[in-house]
Amino acid sequence: MEIVTGRNFSSTLTTDSSSIILNESASKQLYPEAQPLGKHIAVGDQTFTVIGVVKDFNFNSLRENVTPLVMVLGNDWRSNLIVRTSGGQLANTLSQIRKMSKKLNPGHELEFSVMEHDFESMYSGERRTQKLFIVFTILSLVVAGVGLFGVLGYCTEQRTRELAIRKILGASNGAIVKLLTVDFIKLIFIATGIALPLAWWIMERWLNAFANRINIPISTVFLSGGLILLIAMLIISYQTLKTSMSNPVDCLRSE
């Protein structure tokens, strides 16, 4: 936590037991036009003195705005303990803490939580949503790719005689590929132009549920559109090149 003004608590000053530190939100709400340092706040039958202000920080979910916070030196530290563990040592550390707790206070059941798990639970819904988006995105790409491949195959099969005659009359492979791809590329551009703004709008609506949120850069939208077009072009190119390089005599004989 970053001290904006004033000072932190001191273990050498006995007076700090009746001192408090505010965050910026609490300072602005309590003293919007005054300097908070040295001000007194009565809580019950005890009066506290403001000794510092810390920069606002998130102590709840990012869906919520930072709320006013008042910090005091607690007097119940004997029943609460915060332990930092090394990587991979959590199970061993908990085992040692349980043994020590039973030894020192056998009549009290140890209650604990892992901070990492606490933060994880805050965003479990977002993680599930992320996994669902990834799965359905992959499925959508596969289904769209297979569908595009099938439609291309059907269209080229319907135009087999036409393409064979064009090749016999001197049309190059490039001309055949262009003939087959232009209409499909137009449709893909139209579909992408509809899908990308819609996806951007849905993501913006979802992000607006968070008080602290990121903005979707325009580069991400263009990158997504470019990736869609690239996949479509690879499928179209494979199918059209395969058709354009076939022997026109064989096509006409079969027809």
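Like charges are joined within 9 Å, and nonpolar side chains (Val, Leu, Ile, Met, Phe, Trp, Tyr) within 5 Å. Accessible areas come from the Shrake-Rupley method with a 1.4 Å probe, and for residues only the protein chains shown count as cover.

This is a predicted model: local features need pLDDT of at least 70, side-chain atom pairs count only at pLDDT 80 or more, and totals for chains, interfaces and linings use all residues. Residues are numbered from 1 along each chain as its sequence is written, and side-chain values use heavy atoms, without hydrogens and water.

**Stop 1: the patch.** Select Leu141, Leu227, Leu230, Ile231 and Leu234. Together they form a nonpolar surface patch of about 460 Å² accessible area. Helix α7 (residues 218-244) gives the largest share, four residues. Helices are DSSP runs of H or I, at least four residues; strands are runs of E, at least two; both are numbered from the N terminus.

**Stop 2: α4.** Select residues 124-158. This helix has 35 residues and reaches 51 Å from first C-alpha to last.

**Stop 3: Lys178.** Find Lys178 in helix α6 (residues 173-207). Lys178 is exposed, at 59% relative accessibility. Its C-alpha is 79 Å from that of Val43.

**Stop 4: confidence.** Color by pLDDT, the predictor's confidence in each residue, from 0 to 100. Helix α8 (residues 248-254) is lowest, at a mean of 57. Strand β2 (residues 19-23) is highest, at 93.

Methods
The expected span of a helix is 1.5 Å times one less than its number of residues. Patches are made of residues with over 30% relative accessible area and no salt bridge: like charges are joined within 9 Å, nonpolar side chains (Val, Leu, Ile, Met, Phe, Trp, Tyr) within 5 Å. A salt bridge is a side-chain nitrogen of Lys or Arg within 4 Å of a carboxyl oxygen of Asp or Glu. Buried means under 20% relative accessible area, exposed over 50%, partly exposed in between (1.4 Å probe, protein chains only).
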